[in-house]
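Hi there,

Here is the structure I promised to pass on. Have a look at it first, and then read on for what turned up.

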Amino acid sequence: MFAVALLLFISAGCQEVPVTGRTAVNLVDDQDITAKALEEFEQIKRMQRLSRNPAQIRIVQQIGARLSRTVFWDVPHADWEFVVFEAPGVLNAFAMPGGKVGVFSGLIDFCENEDQLASVLAHEIAHVAARHTHEKYSQGMLLKPLGAATSIGIGMSTGSTGIYLPSVGSAAGSGVTSLTQSAFDRGKEIEADHIGLIYMAKAGYDPRESLRLLQRMEEHVASQGGPSSNGWFANHPDFPERQIKINELMPEAMAIYEKGETQRTHTVIE
Ligand SMILES: [Zn+2]
């Protein structure tokens with residue numbers, strides 16, 4: 001009887017993931033999770049130093065405008081906001097339910113061009129479009145008595161594209177622990193790569209630059225003597241696995257990119 005009730009419950013709380021078409025469980029309230037994310041984003045903005053670098057702010061706004069147009073119908077209620085934090089050496093970015101996106105200046109410094117940076121933001125936005133945070137907490141609710149789920153958190157997926165990534169909390173001593181604790185599982189990371197690759201191509205960014213950035217990050221991590229234990233590698237799939245999957249999807253992404261329905265830009269980051 002309980003099983004039947006549970007099945008009914010689950011079937012009532014499902015959603016289809018954009019691009020991949022996967023059916024995902026969603027038992028959490030969108031307004032609740034968005035309100036919580038917004039609260040945490042405001043807290044991060046108070047605790048982190050905001051960038052005053054006009055060139056970096058401009059490039060992030062430009063990418064943000066194009067990606068948010070691309071994903072409009074997949075995340076229709078989002079109120080997109082793209083903020084650059086001054087944090088040299090922090091190769092990280094995140095996106096929250098509701099459309100709040102943070103980019104750390106170290107990541108912008110590291111990227112060679114607009115397309116590489118767009119690949120990271122497209123991956124982060126893919127987590128939001130796929131409602132991975134909703135799904136993660138829904139899964140937690142199924143494993144525990146309802147009401148016992150941990151606080152919602154924001155589903156920061158530390159950087160998408162690799163690198164050793166100091167957590168937001170430890171990077172700035174802000175103590176925003178819910179961010180660092182809400183890493184996604186392997187399947188969701190691979191799915192975000194897939195969705196992000198298609199999104200970047202649709203937005204007019206060269207999908208091959210995502211692989212170029214992954215390779216550069218791999219070299220960077222090797223030069224640092226391996227991943228840091230609390231960084232990106234602690235909870236993300238290996239580079240080879242990501243590269244294989246991205247390569248499989250590349251023909252589809254290139255076909256979209258070459259159709260060129262969106263204006264292309266390729267600003268070099270100095
Ligand atoms: Zn991710």
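Does D206 count as buried or exposed? At 10% relative accessibility, D206 counts as buried (buried means under 20% relative accessible area, exposed over 50%, partly exposed in between, with a 1.4 Å probe and protein chains only). Its salt-bridge partner is R208, with the closest N and O atoms 2.8 Å apart, and R208 is partly exposed at 45%.

A word on the background: this is a predicted model, where local features need pLDDT of at least 70 and side-chain atom pairs count only at pLDDT 80 or more, while totals for chains, interfaces and linings use all residues. Residues are numbered from 1 along each chain as its sequence is written, and side-chain values use heavy atoms, leaving out hydrogens and water.

The whole structure holds 15 salt bridges (a side-chain nitrogen of Lys or Arg within 4 Å of a carboxyl oxygen of Asp or Glu). One of them pairs E114 with R66, at 3.8 Å between the closest N and O atoms. E114 sits in helix 5 and R66 in helix 3, so this pair ties together parts 48 residues apart in sequence (helices are DSSP runs of H or I, at least four residues, numbered from the N terminus). Both ends are buried: E114 has 0% relative accessibility, and R66 has 6%.

E112 and R212 also form a salt bridge, at 2.8 Å from N to O. E112 lies in the loop between helix 4 and helix 5 and R212 in helix 10, so the parts they tie together are 100 residues apart in sequence. Here E112 is partly exposed at 28%, as is R212 at 38%.

Happy exploring!

Notes
Helices (H or I, at least four residues) and strands (E, at least two) are DSSP runs, numbered from the N terminus.
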